[in-house]
Amino acid sequence: MRDCLSGMIADADSVPEPAIVPVDEMCMICGLGGPVKPITGTNGVFSASFTTDPELDAGDGVCWRCEYLAGQMDYRRYHWVATSDGIEVIKERPELIDVLLDPPEGPWMVQYKDGSDFLTVLNGWIVAQRLNTSRQHYRMLVDKHTVGIDRQEFAEMVAFGRDLRSREDAPSKRSLIHGPTAGDLSRYDIGRDEYRHLTNDLAGREDWRIAVQLID
């Protein structure tokens, strides 16, 4: 199994290596060697401007593994978790929370589809090629960047957010993500200790934002 996202998925899906290609060099996305082709030879999977992305390696073209991964439209549209068995598309947010709280064993990667821009999601795979090996501390692909997740801390965030959102006078998700105002203390069912925790410890954190967005 290849030790990168594109290679792992190509192996899991039994994607064949092309028989005839113009160059046998290094892929600018995953960094693996082998047959590559120029961006213009990928039948529109990649735009011409893709090669200007600063995260790309100094490779010679795109390999068949990365071309295959980028060409699967469901991988751009939805959340997913990737393992040596392939990619499982996740369409419901509660299912994604389950994966984040109980990650798979072995090499893996997970995507949270945050935005709607296909190009941003496509380019994001450049920074997600290095796979996770830990279930306790891992990286999650969020469009064009990765977010570090501490599993135990994230579980506590989800439980805290769910508790707040289950109340009769539940705070808005916007208030939770950005931090409640002093006026929110009278508007929402938020205790003073909870208010301090939200404003001092959680507001502005990317993992907290994702936790709030994923809960009901």
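Helix 6 passes helix 9 in a left-handed crossing (the near helix is turned anticlockwise from the far one by less than a right angle). This is a predicted model, with local features needing pLDDT of at least 70 and side-chain atom pairs counting only at pLDDT 80 or more, while totals for chains, interfaces and linings use all residues. Residues are numbered from 1 along each chain as its sequence is written, and side-chain values use heavy atoms, leaving out hydrogens and water.

**The helix pair**

- Helix 6 (residues 151-165) packs on helix 9 (residues 192-202) at about 135°, axes 13 Å apart (axes are lines fitted to C-alpha atoms over the stretch in contact, and angles run from 0 to 180 degrees between N-to-C directions).
- From helix 6, M157, F160, D163 and L164 meet E194, H197, L198 and L202 of helix 9 (contact means heavy atoms within 4.5 Å).
- The residues of this contact split into five nonpolar, one polar and two charged.

**Strand 4**

- Five of the five residues in strand 4 (residues 79-83) are buried (under 20% relative accessible area, 1.4 Å probe, protein chains only).
- Both faces are covered, with H79, V81 and T83 on one side and W80 and A82 on the other.

**Its neighbours**

- Strand 4 pairs antiparallel with strand 5 (residues 86-90) over five bridges (pairing takes at least two DSSP bridges), and a hairpin joins the two through two residues.
- Strand 6 (residues 109-112) also pairs antiparallel with strand 4, over three bridges.
- W80 stands opposite V89 in strand 5 and opposite Q111 in strand 6.

How values were computed:
Helix = DSSP H or I, 4+ residues; strand = E, 2+ residues; numbered from the N terminus. Nonpolar A, V, L, I, M, F, W, Y, C, P; charged D, E, K, R; others polar. Buried < 20%, exposed > 50% of the residue type's maximum accessible area, 1.4 Å probe, protein only.
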